[in-house]
Amino acid sequence: MTDDHLAFAAALAALPAMGPARLAALLRRWLPAEAWARVNAGGAARDDNVRRTFRTEHELATGVAAWRAAAAAVDPLDAWPRYRATGVKVVLLGSPEYPPDLATDPEAPAALFVKGSLAAINGPRVGIVGTRRCTHGGREIARDLGHDLAAAGVRVVSGLAAGIDGAAHGGALAAAAAPPVGVVGSGLDVVYPKRHAALWAAVADAGVLLSEAPLGARPEPWRFPARNRIIAALSDVVVVVESHARGGSRYTADEAIARGRTVMAVPGSVRSSAATFTNELLAECCPPARDATDVLVALGLAVPGERRTLVDSRPAPSELDRVVLEQIGGDSVSLEQLVAGTGLDPVRVSVAIAHLEAEGWLGGDAGQWRRL
């Protein structure tokens, strides 16, 4: 595919309300330059497949008019140098570069925008997803899973969102082993959330960043369910670490199940709203992901019953410190709760907390302590 055709495809993807189904319909019917000419002339709606992507005749007429107006104001060839300058490649469905495992998906993106190496996708892949509003413990579990799976040669796939996604890729990068795969819901030059700019850059350098959104595309709400289907399609196994009842992870899990992928869930406290959906998945007989070994077994890369032994380098707590530590389960607790549970003097409990924090056994936030 020539650069001219890629430039027209990128310009089509940037038209208003040009979702995945509409772009796919246009590029199934015409080559990108011809599709652009049809849009510019207002004739794209004559194709039945394009028409079906609109719900009503009014929506069709409004959409085609918006496309035509936007296309009249843009020269795709003038906009193309921006892709070269940012190092973003455009890969169309049907081209030799397009990832084979994604090409066979029933909802394969018509165009992929890529930063990094597509070779990073080659190998076993696990999607790690979850809520942005995760607990400290959930973030640590995601990081550990990302690290241990990457160390075992597994490509970690996530949406690079705040919370669970970002923690999983932080762990994968720390392992410095298998390349990470990020799938995002905006243009590759529009980092969301902004504080993940360094994480995006690190994933692109070590692996690959993918989007079906063109440069400049904002993180509009509709783009995230669309992104989640790509995460599901690329993953051999999807692990949900923490998710509230109505979290976006539900969409990813549903898309994975529809594709015959294994969906696993990290067990959580029944008192934690962040574990509502993961516990629901377990109740529906999805297998638990207690650690990376469980996931490796699901991938066929480990033998059931043979668990890895992790070496804990933390110093053993003293006898009195252990009394305090053993009062802390899966939920955060206050000083008052620890005093009541141990029967120890508040000063002694405070000293024990200080020791346990310093030695890596506890983490604290806003007067609450949790076990690490």
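This is a predicted model: local features need pLDDT of at least 70, side-chain atom pairs count only at pLDDT 80 or more; totals for chains, interfaces and linings use all residues.
Local features need pLDDT of at least 70 and side-chain atom pairs count only at pLDDT 80 or more, while totals for chains, interfaces and linings use all residues. Residues are numbered from 1 along each chain as its sequence is written, and side-chain values use heavy atoms, with hydrogens and water left out.

Start with the sheet. Helices and strands here are DSSP runs, numbered from the N terminus; a helix (H or I) has at least four residues and a strand (E) at least two. Two strands pair if DSSP finds at least two bridges between them. Eight strands form an open sheet in the order β1-β2-β6-β5-β4-β3-β7-β8. Their pairing is mixed. Which strands stand at the edges? They are β1 (89-92) and β8 (262-265). Each has a single partner strand, so one side of each lacks a neighbour in the sheet. From one strand to the next, the twist averages 25°. Angles like this run from 0 to 180 degrees between N-to-C directions, with axes that are lines fitted to C-alpha atoms (for helices, over the stretch in contact).

Now follow the β1 end. Four bridges pair β1 with β2 (residues 111-116) in the antiparallel sense. Here Val-91 stands opposite Leu-112 in β2. Strand β2 is also joined to β6 (residues 208-211), again by four bridges and antiparallel. On that side, Phe-113 has Ser-211 as its bridge partner in β6.

In soluble globular proteins, nonpolar side chains tend to be buried together. Buried means under 20% relative accessible area, exposed means over 50%, and partly exposed lies in between (1.4 Å probe, protein chains only). A nonpolar core is a set of buried Ala, Val, Leu, Ile, Met, Phe, Trp, Tyr and Cys residues joined through side-chain atoms within 4.5 Å. The largest one has 44 residues. Leu-12, Leu-26, Trp-67 and Phe-113 have the most contacts inside it. The elements that give it two or more residues are α1 (3-13), α2 (20-29), α3, α5 (57-72), β1, β2 and α11. The largest share, eight residues, comes from α1.

Look at Leu-26. Contact means heavy atoms within 4.5 Å. Leaving aside neighbours within four places in sequence, Leu-26 is in contact with Leu-12, Met-18, Ala-35, Val-39, Ala-44, Val-50 and Trp-67. There is also a second, separate core of 29 residues. Ala-108, Leu-118, Ala-256 and Cys-286 are among its members.

Ala-204 is found in α11, and its relative accessible area of 11% makes it buried. Not counting residues up to four places away in sequence, Ala-204 touches Lys-115, Gly-116 and Leu-209.

Next comes helix α9 (residues 136-151), with 16 residues. From its first C-alpha to its last, α9 reaches 23 Å, close to the expected 22 Å. The expected span is 1.5 Å times one less than the number of residues. Which residues of α9 are buried? They are Gly-138, Ala-142, Leu-145, Gly-146, Asp-148, Leu-149 and Ala-150. Their cover includes β3 (125-129), β4 (155-158), α10 (164-175), β7 (237-240) and α15 (292-299). Just after α9, Gly-153 takes a positive phi of about 95°.

Finish with charge. A salt bridge is a side-chain nitrogen of Lys or Arg within 4 Å of a carboxyl oxygen of Asp or Glu. The structure holds 16 of them. One joins Glu-34 and Arg-38, at 3.4 Å from N to O. These two are four residues apart in helix α3 (residues 32-41), so about one helical turn separates them. An α-helix has 3.6 residues a turn, so residues three or four places apart point the same way. Glu-34 is partly exposed at 36%, and Arg-38 is partly exposed at 32%.

Another salt bridge joins Arg-82 and Asp-189, with the closest N and O atoms 2.5 Å apart. This pair links distant parts of the chain, 107 residues apart. Arg-82 lies in helix α7 (residues 81-86), and Asp-189 in the loop between β5 (181-183) and α11 (197-206). Arg-223 and Glu-220 form one too, at 3.4 Å. Is Arg-223 buried or exposed? Arg-223 is buried, with a relative accessible area of 12%, whereas Glu-220 is partly exposed at 34%. Finally, salt bridges link Asp-105, Glu-107, Glu-255 and Arg-259 in a network.
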